Amino acid sequence: MLKKVLIANRGEVAVRIIRACREMGISTVAVYSEADKQALHVKLADEAVCIGPAQSNKSYLDVKSILEAACLTGADSIHPGYGFLSENATFAKMCKELDITFIGPSYELIDLMGNKTRAKDRMKKAEVPVPSGSDGDIENVKEALKVANEIGYPVIIKASKGGGGKGIRIAYTEEELIKYYEIVKQEAKLSFKDDCIYVEKYIENPRHVEIQIIADNYGNVKCLGDRDCSIQRNNQKMIEESPSQAIDEKTREKMKKICENAIKKIGYTGVGTIEFLVDKQMNFYFMEMNTRLQVEHPVTEMVTGIDLVKEQIRIASGEKLELTERNLNPVGHSMECRINAENASKNFMPMAGRIEELHIPGGNGIRVDTAIYSGYVVPSNYDSMIAKIIVHGKDRKEAISKMKSAISEFVVDGITTNIDFLYKILENDDFINNNYDTSFISKMLSKK
C-alpha cells in the first residue's frame, strides 16, 4: 500500500482525496499557490508546500515545482485529481521516471485517449460505435469542407486535444464551417498548445450518457453503471444523475458490454469514463474517454457503495478488484448539482469574493463535497465550482425532492452563486418528466 500521497490539485477534489487517504491510514501532502494559502486542503493535509503564485501555469500546472515538492517531502505517489495535470501524459511519464506512483492509468494510455482523433480510431477498432467524420486530423479548410459535404451538415469541429467544453463549434452551413475553422484552431492552440482539429457529424439534441469503468492490473474490468450529464451550460455540466433515464435496460447492458470489451482490448487500468452521445432512437456514439476521476464521480459512489478514490489508490498499489454484487448492481437514484460562484443572468460570469456566512445542508441521503468555509475568499484565478451537492433516493422522484430540499437549505452569503438557477431547473416540468437533452439550458434561457 502507498505510504504518502501528494495531491497535485486544489479545492474540493483535494479535500476529497485527503479524506480518503486519512481513512486508509495514508499520509498526505498538499500543494498550494499563494492565492490558496488559507485553503481548506492546506489545513487538512499532513504537510503542505507552496508551489508558486496564483496563476495556474506557475503553480498547479508547473510540473517541475510539483515533482520537487514530492521529492522534498518523500511522497511515494501523486494523485492528480481532475483538471490541471490529471490527463497530462508527460507529467505521468516523469512520475514514472522518478519512481513516483502516478495514481491513474499509464502515460501511454493518457496520451492515446487525450488525442480525440486517435482515441476515436482506437475505439472504432475496439468495436465501439463512433460518429462518421474525418479520418484523423484535418489539414486545411478545403479538407474540412470535403468531409462535411460527404457526411452532411450539421457538423461539429473539435480540438483533437480538447476538453472541458473548449475548442468546439457547430457548423450548419459551408459559410459557418469556413468561419469557425480558424476560430477552433486558434482556441485549440491557446488552450491545449496544439491546433490539430477534426470534423464529425453533429448529433443534434442528444443525451450525454457516460459509463464508469474500473480495471485492475490483472485483467479484471467492471462497469459501475452509467450517468446522465445532459444538463449543461456552455458545454459544461451542471447536473448529473445515475442511472440515466434516456436509455432502457437493453441499451444499458449493451453499452456496458461494449465498454468492458474496449477497456480490455486497450489494456486500461484504473478508474475511467467513456462518454457517449445518445440520439432519440437510443443509438449511441463514442464521444471521448476521460482517463481520470470525474467531477461527477459521487453519483456513482452513492448508487454502488464504492469509494472510487480508495479504489484508485488500491489499484495503484497493485491490489486486485474485490467488488461485491451490491457494487455491481446500483441501487436507487442519485443526483449531483454543481454549485458555482457565478452569475447565471450574465452568461454564467464567474464571481469571486469573500463568503460572509455559510450553511451547508445535511440529512439522510445528502452529501456535500466542498472546500469552502465561512470567511473563505473565493479566488478569481480558478474554476468557479465551489461545492457539489449529491443526494440519493429510492427513485428519481425522491432524488429530485431531496435535491430541492438541500438546495433551498444551502446558504452562501457574500458572493453570487447559481443556487437559484439550479432550483429553477429542478422545478422545471420538462426536467421532472425526463423530457430534456443537452440543449435544455439554452432553450430555457431563450424563453425568458
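Analyst: Two rings of Phe, Tyr or Trp count as a pair if their centres lie within 6.5 Å, and planes over 60 degrees apart make the pair edge-to-face. The model here is a predicted one, and it holds eight aromatic pairs.

User: How are the rings of Tyr 60 and Tyr 382 arranged, and where in the chain does each residue lie?

Analyst: Their planes stand at 80° with the ring centres 5.6 Å apart, so this pair is edge-to-face. It links distant parts of the chain, 322 residues apart, since Tyr 60 belongs to the loop between β3 and α3, while Tyr 382 belongs to the loop between β20 and β21. Both tyrosines, Tyr 60 and Tyr 382, are buried, and together with Phe 84 they form one aromatic cluster.

User: What is the geometry of the pair Phe 91 and Phe 102, and are these residues buried or exposed?

Analyst: With ring centres 6.1 Å apart and planes at 85°, the pair of Phe 91 and Phe 102 is edge-to-face. Phe 91 sits in helix α4 and Phe 102 in strand β5, eleven residues apart, and both are buried.

User: Which charged residue sits over the ring of Tyr 436, and which lies over the face of Tyr 218?

Analyst: The charged end of Arg 207 is placed over the Tyr 436 ring, 3.9 Å from its centre, whereas Lys 320 lies over the face of Tyr 218, at 5.4 Å from the ring centre.

User: Which residues of the largest nonpolar core touch the most other members?

Analyst: In soluble globular proteins, nonpolar side chains tend to be buried together. In this model the largest such core has 37 residues, and those touching the most other members include Ile 231, Ile 239, Ile 425 and Phe 431. Among the elements that each supply at least two residues of this core are β11, β14, α13 and α14. Beyond its neighbours within four places in sequence, Phe 431 is in contact with residues including Ile 231, Met 335, Arg 396 and Tyr 436. A second, separate core of 29 residues includes Cys 223, Ile 247, Met 255 and Tyr 268.

User: How do helices α7 and α8 cross, and which residues make the contact?

Analyst: Two packed helices are described by the angle between their axes and the distance between the axes. For α7 and α8, the axes come within 10 Å and cross at roughly 145°, in a right-handed crossing. The contact is made by Val 141, Ala 144, Leu 145, Ala 148 and Asn 149 of α7, and by Glu 174, Leu 177, Ile 178 and Tyr 181 of α8.

Notes. Residues are numbered from 1 along each chain as its sequence is written. This is a predicted model: local features need pLDDT of at least 70, side-chain atom pairs count only at pLDDT 80 or more; totals for chains, interfaces and linings use all residues. Side-chain values use heavy atoms; hydrogens and water are left out. Rings of Phe, Tyr and Trp (its six-membered ring) pair if their centres lie within 6.5 Å; planes under 30 degrees apart count as stacked, over 60 as edge-to-face and the rest as tilted. Helices (H or I, at least four residues) and strands (E, at least two) are DSSP runs, numbered from the N terminus. Buried means under 20% relative accessible area, exposed over 50%, partly exposed in between (1.4 Å probe, protein chains only). A charge sits over a ring if NZ of Lys or CZ of Arg is within 6 Å of the ring centre and within 35 degrees of the ring normal. A nonpolar core is a set of buried Ala, Val, Leu, Ile, Met, Phe, Trp, Tyr and Cys residues joined through side-chain atoms within 4.5 Å. Contact means heavy atoms within 4.5 Å. Axes are lines fitted to C-alpha atoms, for helices over the stretch in contact, and angles run from 0 to 180 degrees between N-to-C directions. A crossing is left-handed if the near helix is turned anticlockwise from the far one by less than a right angle, and right-handed if clockwise.
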